[in-house]
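Hi,

Here is the structure I promised to pass on. Have a look at it first, and my notes follow below.

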Amino acid sequence: MTASLTLVVLMAVLFGAGITIMLERSLTRVLIGFLLVGNAVNILIFLMSGAPGLAPLLSDGVTADEISDPVPQAFVLTAIVINLGITAFMLALIYRSWWLARLGEKGDLVDDEDDLEEEVEEAEGLIRSSAADDLAIQELIDASDEEFEQSPERPDEEVRP
Amino acid sequence: MLFSLVVFGALSLLTPLLTRLIGRRVFLVIALLPAAVFGWLLTLLPEIVAGGVVTERVEWIQALDVSLAFRLDGLALLLSLVVTGVGALVLAYCTWYFRDDEPALGRFAALLLAFAGVMLGLVTSDDVYVMFMFWEATSVLSYLLIGHYTGRRESRGAALQALTVTTFGGLAMLVGLVLLTVEGGTTSIAELVANPVTGVVGEWGIALVLIGAISKSALVPFNFWLPAAMAAPTPVSAYLHAAAMVKAGVYLVARLAPGYADLEVWHPIVIALGGLTMLVGGWRALRQYDLKLLLAHGTVSQLGFLVLVTGFGTRDAALAGVALLTAHALFKSALFLVVGIVDHAAGTRDWRKLSGLGRRMPVVATIGFVAAASMAGVPPLLGFVAKEGVFTSLLEAGTATADGGPAAGWGWLALVLAFLGSVLTVAYSVRFVWGAFWTRPNCAPTPLHREPAMVAASPAVLAAASLVAAFTIPFIEPLYTSYADELPGPEEYHLALWHGLEPALWLSLAVFALGALLVWGRAKVARMQASLPPLIDSGRGYLGVVSAIDRFAAAVTTAIQYRGLAGYLGMIVLVFIGGLGVSALVNTAWPGSVRLWDYPAQPFLALVMGIAAIAAAVVKQRMTAVLLVSVTGYGLVLIFGMSGAPDLALTQALVETIVLVVFVLVMRRLPKQIATTHPPVHRFGRALIGALAGTVMGVIGFIALGARTAPDIVDGLAERALEAHGTNIVNVMLVDLRAWDTLGEISVLVAVATGVASLIFISGRTGGAPRLDERPNRRNRLRPVPETASSIGGARPRLADVEGESDAAAEAAATRQTWLLAGRTLSPRRRSILIEVLVRLLFHPAIVVSVFLLFVGHNAPGGGFAGGLLAGLALVARYLAGGRFELGEAAPIDAGHLLGTGLLLAAGTATSSLFFGLAVFESSWFETEVPLLGTISIGTSTLFDIGVYLVVVGLVLDILRSLGAEVDRQQEENELEQNGAETEVRA
């Protein structure tokens, strides 16, 4: 199958620009990048129809050989509508995080300054907590081991059954 | 078999309810079930002893050859009798052990009963995978039962240790079982034993299965979890960790021994680890203060002993092994139950605080004495009978040289280990009896609570059975031999209390003598024990391993998911570039021919879109970036339109417009500049990652085009579409041929709409957009007060000014001709009469067109998605022109109702065909001649498309209602508060 090089390059540019934007800290920028990547992927799927033909409408004596491949079109159509939904959802997330945090100028930024430290601390806490459970039972078992210093009087021999 | 398992399951489910009704007496009721099964199994005894086998089989997963197959032979029957018999007694014991106010008693009873059923399934199933399922279920139930006291740290730690260790072993076992069944070509355990898998696969398979067995039976190096499991209530220890669950490993060894005992990996694992475990457990038991832990370490020791003997691989050893298994189940569960009574009566299990219990609890002391004597192998008890058998059979194996049996060396080694282990067993048995019941001269008698007499019934029965079985051993033996005879060896030896003065008896006497020596010299022994480093301390090893894994996981996580979302995304993209980039480099399938463009306009279009995309990455202003992205979106519309995809062009145009509006709605509340402080990845690095990702993606797209060799997918679709009464193939695919996809998609839309609404509305998401008569500060519907101007108009007027001004404005508004219903709620400064007129004129035609698009979609561009989006866009226009109350007046309906109705309609048409004997989504049509319009064909797919339409309208409405109207309201509220605060300050 032949490819339209123009569309491949366009897709690559949109994808690259989208990824570049998505790597920023602002959630709004992430969403803008997401939209670009979404458009790029739609082009990629659409590319798979190969050479464009007539619209896939079977009226007026149009035959199956003359039309564009409708399968990618069906995929892209659902993708477009889902994109709308996800965009709205992310916007709601952005608004919500801003509203809750009331951070003003930095409202839609994802926290990352203290992330590393916080995450390390959190992991440490989890490890400590699970280790504490294990240690608790280990101590209980060790406590039952006889130490010579505390050894009580010898048992009588006649005890032996 | 299957029937009793089902009853076990059903009764377990009912047990919590029953417990609520009758309290702890529920244990007596549920004990009847294992007791009944025990009785039923006894009726099968004659048939099995005569060499018969009871089987049951229900096909289950035929593709994998897995069936619910059950098989009762001698070994399975013996284990089943132990499981149900001890199970019934332990359950009955619980009646008096617990009090009614014990927390989570219903859960406990249900789990214990379910465990009995699962264990029964484990020992009777003949399919390896069904057996494995039960195997894992016992691990889970054991976890839940050990963790019964959820509030205690040690309980949780012990439960998790047991689960981790046994499921680790179970995983190894599963791999082993897969190896064996694939190589052996059957999933039946009986067949796998009858026709053993040999060679490398057999060795590896068995080694892995044995890892499962020794982890379950707490052999070295997994021996640490069993003492820890003593954090469970005592009945659990008696049943799971003495009589039943830990025997699963022994059972598996016994089950496989007839087929696999002569493999090379078998004896090193079974005899070396079994013997080592016996010594380590006994050694550790000898230094315990806590009676329960003494028994636990003793159990570890005995389990090693059992594995050693049952796995030895001769007929006589197997005979002695199953006898020992029975003896152990009887005496060890009795001992645990006795410790439970002592614990409750004295309030402690530490024998340093116990004194004089023997005199004051003579019955309990007698039971404990008898059971401990059986453990030590004292005549005339079952423990003695079994141990005599062990010594004889191992001596036999050691002296027999060219018998074809296992090498003599293993026989001598096993004998020495068993002998030394037995000496330790005698010593710690004495320690137990002496510690629990003796009167210590320098210790005041321990104060005791009175315990109900019946609590001693179960251990009494178990201890008595140890005694009775020893005398009735000739009657019991046929059950044992029906299994043992499967193994090689002369069928001469019989179990008996008295064999005459033979070597085994002298060995037993030597064991007692050395045991007495240990007891006599126990001060020295204790000093030695304390001074020696722990022999095998795998408990600490486990802690080290687990903590190392935790730390490694934390380190990896913090290394990969560092610096928040952006850093993590970057890591994902880098992996994507690396992985797919490498695959692209080694690719060979490039497209045969390359076309530069499809039509001359394409490169210009692409250039504009590309520049817009790159510009979007560079600009600082958020709104500009959004508009630039829209350029690429509208560019797509043109590309779709010019490449034969009118449906896509239509949908993309509508969606792009709505996205733009929604973006603006939210952006007006957020700061204009994009903050760029401290970017996690440097600007250059970001651009580099983006460029690489784009390049990889482009190459992949190029390769994908070249890789496609199959004929067009369009083949045959045209005919299908015509069959489905439609000429627009894309729409027919959406609503008919691939309707499942679409149903999934609109479900996502419903979820998204709900998510958007619940994120914005603080409490309660139902209801429509606000109506005029719901306005909070209305004075008069005919003379409403205009809303204050928003911050768009620069400096906000003060509240007093607004009030003064508003009356005049309201007068003006009331006298003016209203084009939109809620137009008068807006401040005159925000109103545009031109827009109001346009919207007024266009709204209803737009709705009509949207319905038209919906219905022509099957044969022309359009359909539910496009129609719904157009209707949504009409609502957007009403909202933009008239504000939030206008939206409520334009669509006076709950968005949730639209979504629900749409989804219901779509799902309803999908399933309604079932009522007519058709498949899900199979379409049917109703055709009729309509004057003027010609032939109209209404199919179920049309109804489905109406559902799609409603869902899309509902989605847009929910978005507007939330991100538009509700955001407006919150902003107004906010401003009112601020103004109020200012006024107060001034006052």
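A quick word on terms: helices (H or I, at least four residues) and strands (E, at least two) are DSSP runs, numbered from the N terminus. This is a predicted model, where local features need pLDDT of at least 70, side-chain atom pairs count only at pLDDT 80 or more, and totals for chains, interfaces and linings use all residues. Residues are numbered from 1 along each chain as its sequence is written, while chains are lettered from A and ligands numbered from 1 in the order in which they are written.

Chain A has 4 helices and 1 strand, and from the N terminus its elements go β-α-α-α-α. Of its 161 residues, 49% are buried (20 or more other C-beta atoms within 10 Å of the residue's own, with C-beta atoms placed from the backbone).

Now for where the chains meet. Contact here means C-beta atoms, placed from the backbone, within 7 Å. Chain A puts in 112 residues and chain B 145 residues. On the chain A side, strand S1 (3-4) and helices H1 (5-22), H2 (27-47), H3 (70-101) and H4 (115-143) each supply at least two residues. H3(A) gives the most, with 24 residues.

Over in chain B, take a look at helix H17 (residues 382-399).

Cheers

Notes:
A residue is buried if 20 or more other C-beta atoms lie within 10 Å of its own, exposed if 12 or fewer, and partly exposed in between; C-beta atoms are placed from the backbone. The expected span of a helix is 1.5 Å times one less than its number of residues. Two residues are in contact if their C-beta atoms, placed from the backbone, lie within 7 Å.
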